[in-house]
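Biologist: Hi! Could you walk me through this one in plain words?
Modeller: Happy to, let's look at it together.

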Amino acid sequence: MPRINSPAELEAFRKDIISKRDPDKPCIAVCTGTGCLALGAAHVVTALKEEVKKQGLKTKVDVRETGCPGFCERGPLLVIYPEEICYLQMQPGDAQEIVSQTIVAKKVIDRLLYVVPSTDKDEKIVQESEIPFYKNQMRNLIGNNIKIDPKSIDDYLAVGGYSALAKALCQETPEQLVNLVKSSNLRGRGGAGFPAGIKWEFARKSADKTKYVIVNADEGDPGAFMDRALLEGNPHSVLEGLTIGAYAIGSHEGYIYVRQEYPLAVENAGIAIKQAEEYGFLGKNILGSGFDFTIKMHQGAGAFVCGEETALLMSLEGKPGEPRPRPPYPAVKGLWGKPTNINNVETWANIPLIINNGPDFLTSIGTEGSKGTKIFSLVGKVNNTGLVEVPMGITLRDIIYKVGGGIPEGKKFKAVQTGGPSGGCIPEEHLDIKVDFDELAKVGAIMGSGGMIVMDEDTCMVDVARYFLDFLSDESCGKCSPCREGIRQMLKILTNISEGKGREGDIELLEELAEATGDASLCALGRTAPNPVLSTIRYFRDEYEAHIKEKRCPAYVCKELISYYIDPDKCKACMICLRKCPAQAIIGGKNQIHVIDQEKCTKCGTCFEVCPDRFGAVTRLSGEPVPSPIPEEARIIAGKSKKDE
Amino acid sequence: MANKKVSTAAMGSSKIDKIIAKYQGNAGSLIQVLLEIQSENRWLPREALDKVSKKLKVPLNRIQHIVTFYKAFSLVPKGRHEVHVCTGTACHVRGAPRLLDSVQDLIGIRPGETDLDLKFSLETVNCLGCCALGPVMVVDGEYHGKMAPAKSEEVLKSYE
Amino acid sequence: MSEILLQIDGIEVKAKEGMSILEAAQSAGIYIPTLCHHEKLQPYGACRICTVEAETGGRTNLVAACVSPVQPNLVVRTRSEKVDKTRKILLEQFLAHAPDAPALQDLAQEYGADKDRFEKESSFCILCGLCVRYCAEVKKKNAVGFVDRGARREISFIPEIASKECWKCKECFPLCPTSYLQAAYHLTEALVFPSPSFEPASEG
């Protein structure tokens, strides 16, 4: 592959790629993102490729391994072009039928389609874009994921890739670019929501020959995988944004800081860097503009705090990820003491869109203070787990119900947790707020990087607060004392409450600790660590009080406060729970009513889950004593029919 | 993947030299060097740390801090099978704590530990990003989704 | 270096650019309590006992005086209800580690901190890092360092270095605001130099 030396050569090359591609040629695009791979997508790809070969269609059909389109709940998924037929929950065994029926005979296979839930007649949807999960999104950033093979730079070029880079380097001055990003009102997608253009301007104005630009791909929030999907599904879009930013700021060296827990993102970004170097989009004299830029990749070694930008810099310098005080800000004194601009993956991926389509592209979408789209990972107790990209200003209710399909199993919604471990839990009453940086903050949560965890009636809010504090107590760097000691004490209190050892005054003590931790900690981790505690107290104080005063866990989650009990009137002695109990805590036998040995019971809940619904004999108790077991002689069930076994 | 070879001996020092050379002995690459040694050898023997300290001219106390600060590093040999239970938020609300409890009971070790037969190592991970599968357990890179405590027994039994 | 004018506790203070609030206060004879600060060492900002209120542009923040640079027109309050409350609870958390440490007791009296407010912790160390930093920055021996992170962070001697360097130095002992350091050293000594790994002996 010869180097591309000018915007004209780029366009000629792009034309050449597109002309060699027949838009009517069938293409089976299979998602091979991490989620679908975990569900066996690799076997589906192998089966499809074999089948295509077997049926002698190797030159007539493409099988493309793509990035993640987001509908993880129904993976492995594939889309067949040009008709855009979407099949879900694929198995390797389906390959033969897909090739012979859909590809050859042009027939849609009904059973692989999306079925609209809760309609009387099974309404099925053929086209990907018509599925409610996708239909209610605005997929500016992740829309291309299913259309391209992330390992192929030609695929990226075919959808218009690197045209923004050419435009930026050859038609705009760095100052113009900074102004363009400023006028787009793009706010950083990593959490704090700081205006990206202003950040760029600071770095641009720092007078130093050596400057750095960095992609923060240390996505550590549990339950969040937006950045992974972008970096592994469309790595060139991130590289393109970074290179444009480097030119605007005056930097010639960039880093991608990516967590090593994302091996596929590491692999695909690595391949993308190599390809971009070969094509001349990185290196010396990019596209004949005279601008030089290189990108190195650095893997994080497993520390949540390194998502904080100053801790990230420490880690890049080969040190423990201990945040340092700001000021001085990285834009003045960053990596190795040089001016540095750090943006998160999604922020960088927005840049080519702004350059190509103008700042209005962003400002026409969203609310007063937050423009453009935002990717969320919608997870937890929601029907359509996955990655969703929506316009800023959409309501939480629309995200959870229209896109997410609501709560599974007819359960009741309790809260949605946004913003990762530093975020907050938002209750039903605030579901109609518009999702943007400022509105979320008003209800005690934050946008964060875009994690959105839905919780239903089976979620205990004290347990949720305890969970996040446990996470933070492990992930705090431990250097500054309000964070380390404050989290330690809050976690102790929360653990006590969840174990039935809570005392009057604990809530107030939590609030006092939260205030000191939030006020006096050095970095954002500590300053926001109280959020999960404060927001759960604010909206779910009654649950705290039930734990403290009644020793009762209303959601039946806190192990020390619940018991399992078999109702002797309902037990049919079917032996299922007895066999499945991992602790051998169930006493009973054939025709003998089962009884739980409370001493042995580990409260794993297996008996509750396996007891057939038609019996419903296993119940959960909390805040009340377990009735004493019925005497042994009363346990015999006479004349029991075989049917019930 | 079923039978990863367990190496308890220190890896060859020439291999370490090679890794260090790749990063041109740059002290800033300390974490990258350690990550590569960890990935080659699956744990960091003391000899390797001494060597890295000398070659990169980074004091041992800083290396000690780094290898205990970052979760990717292990200072003890790992078992034949690495079990990871995801304790990310999505898995947590879907019952990961109960899964972890039963896995601990079944293999008799806690997260961060390796059993005496070097059969299993158990770790928790904060999120694997396949939340649709939660609760998730990964054994030697193979994903087991929607795990209930009872199901984990079946899965773990299949590993020798 | 240009001169910066700021106000601390109502007093006009002249400071040099690059100075910390703590240094500016000290130069004006205004007292701010510290635990992890030492004049021979780089400012560290870990204990946060030097937390003060800093008002600039109409916004008031709590900042650690030792690592916050002076700015023109900054208004600093070294005591306020909020500052005192923060220091009090920080001290109470330290006292859970080292209830009998004189340095902490003196401050506890000043701020009304209750040493029994929190359950006692197993380690005396409040992780001020004076020993680690002194050994690295002044003595350049790196015999003691931090291990782990979060709530499990602690200090630990490198046995091989400690066995060679520490017995004749021990300059860090008097720096320790609690009596933890000495104990840690003696433990290391007792574990017989050199130990085969960084792991506690029980790991075998």
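Biologist: What is the bridge partner of Val30(A) in S3(A)?
Modeller: In S3(A), Val30(A) has Leu78(A) as its bridge partner. Strands here are DSSP runs of E with at least two residues, helices are runs of H or I with at least four, and both are numbered from the N terminus. Keep in mind that this is a predicted model, where local features need pLDDT of at least 70, side-chain atom pairs count only at pLDDT 80 or more, and totals for chains, interfaces and linings use all residues. Residues are numbered from 1 along each chain as its sequence is written, chains are lettered from A and ligands numbered from 1 in the order in which they are written, and side-chain values use heavy atoms, leaving out hydrogens and water.

Biologist: How many bridges join S1 to S3 in chain A?
Modeller: Four bridges join strand S1 (residues 27-31) of chain A to strand S3 (residues 78-81) of chain A, and the two run antiparallel. Two strands pair if DSSP finds at least two bridges between them.

Biologist: What lies across S1, S2 and S3 of chain A?
Modeller: That's helix H3 (residues 41-54) of chain A, running at about 165° to S2(A). Helix H4 (residues 95-104) of chain A packs on the sheet too, touching S1, S3 and S4 of chain A, and its direction makes about 35° with that of S3(A). Contact means heavy atoms within 4.5 Å. Angles run from 0 to 180 degrees between N-to-C directions, with axes fitted to C-alpha atoms, for helices over the stretch in contact.

Biologist: And in what order do the four strands of that open sheet come?
Modeller: The order in chain A is S2-S1-S3-S4, with mixed pairing. Strand S2 (62-66) and strand S4 (85-87) of chain A are at the edges with a single partner strand each, so one side of each has no neighbour in the sheet. From one strand to the next, the twist averages 20°.

Biologist: New topic: what do S17(A) and S18(A) form?
Modeller: A hairpin, with two residues between S17(A) and S18(A), and Asn591(A) in the turn has a positive phi of about 60°. The pairing of S17 (residues 586-589) and S18 (residues 592-596) of chain A is antiparallel over three bridges. Ile587(A) stands opposite Val595(A) in S18(A).

Biologist: Now chain C: how many helices and strands?
Modeller: Chain C has six helices and seven strands. Its C-alpha trace spans about 60 × 40 × 25 Å along the principal axes.
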